[in-house]
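Student: I'd like to go through this one term by term. Could you show me the structure?

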Amino acid sequence: MEAMDDILWCINPDNDSMLKMAERMKKIANEMLGLKNIAYNFNIDETVLRMRMGMQDRNGLLNIYKSIIREVAENSQCYQVNIEFHRNNGYLQLSVEDDGKGFDNNQTFNGNGM
């Protein structure tokens, strides 16, 4: 059901604005992080809010974002997450930082996650 809801949301042209994307992302963070009692800050630059995004880009960004938030919720053992969007040299930049346990950069992982 969740995957179908995401697909329908992404193909709706009414959701082309980053304002709509930000609303969707806050809802996702609230649902995933809220279940684990993880507090979060969601900051988005005004220049980003004025951006428009096509269906494919919207779908890709939403999937990446959900994967990151899911990873944080399930594995970080954190209490606080900071989520930020801004523009950097014309590119959209997403930054997600938490106060969790971290991970070993030298460790190899099997599967699709970290």
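Tutor: Helices here are DSSP runs of H or I with at least four residues, strands are runs of E with at least two, and both are numbered from the N terminus. This is a predicted model, where local features need pLDDT of at least 70, side-chain atom pairs count only at pLDDT 80 or more, and totals for chains, interfaces and linings use all residues. Residues are numbered from 1 along each chain as its sequence is written, and side-chain values use heavy atoms, with hydrogens and water left out.

Student: What makes a residue part of the lining of a pocket?

Tutor: A lining residue has an atom within 4 Å of a pocket point; the pocket itself is an open set of points on a 1 Å grid over the protein atoms alone, where a 1.4 Å probe fits, with protein on both sides within 12 Å along at least five of seven lines. The second largest pocket is lined by 14 residues, and E2, I28, E31, M32 and K66 lie nearest its centre. α1 (2-11), α2 (18-34) and α4 (55-75) each supply at least two of the lining residues, with α2 giving the most, five.

Student: What span is expected for α4, and what does it reach?

Tutor: The expected span is 1.5 Å times one less than the number of residues. With 21 residues, α4 reaches 30 Å from first C-alpha to last, close to the 30 Å expected.

Student: Which residues of α4 are called buried?

Tutor: Buried means under 20% relative accessible area, exposed over 50%, and partly exposed in between (1.4 Å probe, protein chains only). In α4, R58, L61, L62, Y65, K66, I69, V72 and A73 are buried. They cover an arc of only 135° around the axis (taken from the directions from the helix axis to the C-beta atoms), so they sit on the same side of α4. On the other side of α4, Q56 and E74 are exposed.

Student: Why is N37 called exposed?

Tutor: N37 has 70% relative accessibility, so N37 counts as exposed. N37 lies in the loop between α2 and β1, and has a positive phi of about 55° although it is not a glycine.
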